[in-house]
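Here are a few notes to go with the model, written for someone opening it for the first time. Have a look at the picture, then read on.

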Amino acid sequence: MLISVALGQVLSLLICGIGLTSKYLSEDFHANTPVFQSFLNYILLFLVYTTTLAVRQGEENLLAILRRRWWKYMMLGLIDLEANYLVVKAYQYTTLTSIQLLDCFVIPVVILLSWFFLLIRYKAVHFIGIVVCILGMGCMVGADVLVGRHQGAGENKLVGDLLVLAGATLYGISNVWEEYIIRTLSRVEFLGMIGLFGAFFSGIQLAIMEHKELLKVPWDWQIGLLYVGFSACMFGLYSFMPIVIKKTSATSVNLSLLTADLYSLFCGLFLFNYKFSGLYLLSFFTILIGLVLYSSTSTYIAQDPRVYKQFRNPSGPVVDLPATAQVEPSVTYTSLGQETEEEPHVRVA
């Protein structure tokens, strides 16, 4: 339980690094290039993971994967890119407070998608933990209002709020799809295909929408270092998140990420002279209590995962079972992974 909470906080710290470097780029150097920043991350994923797939042999080779399910990864790459873009774009229209509140919409999206598509079922303690986490987030937003920290243009709040909701929905779809792939296929395949299609679509979007902004950037070593720092944090987040999702779940990860804003705020107390409120500490510990409650017991699968609609092979799996084996009708997932009892091995054709 404590390991699952700690792993989630590592992801929150990486997001904190992403937020700090982005803030310096946009406010101190007037480099508003969210698509270019995403493009750099996708290029790194391509160089590391897509090339790994390219040199593999057999069914795990890049060309073999593309032949079987290229269109699915193309959709996922586009969803992942636009989720990042829409939330960043929302800062131009609405306030930070609205973004922090509405971004929590990703949690019910992930819960619903996990319920219907991953067949994950929750217990009462999970819902209590989720509510406690959201209360902690509300406490943080209230502290922001009290100390006057509600940055953002707020000139067209409706447009900005709709952008946040759309981005949160796409985040939820991407996270649940990611969990399905890494449980049925592999982490390297997911990251390799995201790198391939993410680089492709972000390159097109960069050329169409952001090339003029990129030419305005006053390049020097400081800006270059900030881009390197952003790319390193983003690459670390993408590389590490599948590991955490496989050990916990997409829902648990998104609850853990609620503390990212608080880490950014604690850094901002020293870097940007933010005002402090005791409600921030209350918010932080409330979210942690919610995470501990959520991780204290396991979720479970409604039925055997072998009846899932197969991502690997639409024609269905080939199951090799001993003649006397009894198949366990359900599988539970704890916060640290999958638990099975005498479950026969499944070979997917």
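1. Let's start at Leu119, which sits in the loop between α5 (106-117) and β1 (120-121). Keep in mind that this is a predicted model.

2. What is the phi of Leu119 near? The angle is near 60°, a positive value in a residue other than glycine. That deserves a second glance, because most residues other than glycine have a negative phi.

3. Is Leu119 buried or exposed? Its relative accessible area is 14%, and under 20% means buried, so Leu119 counts as buried.

4. Now hop over to His30, in the loop between α1 (2-28) and α2 (34-55). Phi is positive here too, near 55°, and His30 is likewise a residue other than glycine.

5. Stepping back to the fold, the protein chain has 12 helices and 4 strands. Its length is 349 residues, and 51% of them count as buried.

6. How do the contacts run along the protein chain? Take those with a separation of 6 or more: 86% of them link residues 24 or more positions apart.

7. Last, the surface. The protein chain exposes about 16,400 Å², and 68% of that area comes from carbon and sulfur atoms.

Methods. Residues are numbered from 1 along each chain as its sequence is written. This is a predicted model: local features need pLDDT of at least 70, side-chain atom pairs count only at pLDDT 80 or more; totals for chains, interfaces and linings use all residues. Side-chain values use heavy atoms; hydrogens and water are left out. Helices (H or I, at least four residues) and strands (E, at least two) are DSSP runs, numbered from the N terminus. Buried means under 20% relative accessible area, exposed over 50%, partly exposed in between (1.4 Å probe, protein chains only). Contact means heavy atoms within 4.5 Å. Accessible areas come from the Shrake-Rupley method with a 1.4 Å probe; for residues, only the protein chains shown count as cover.
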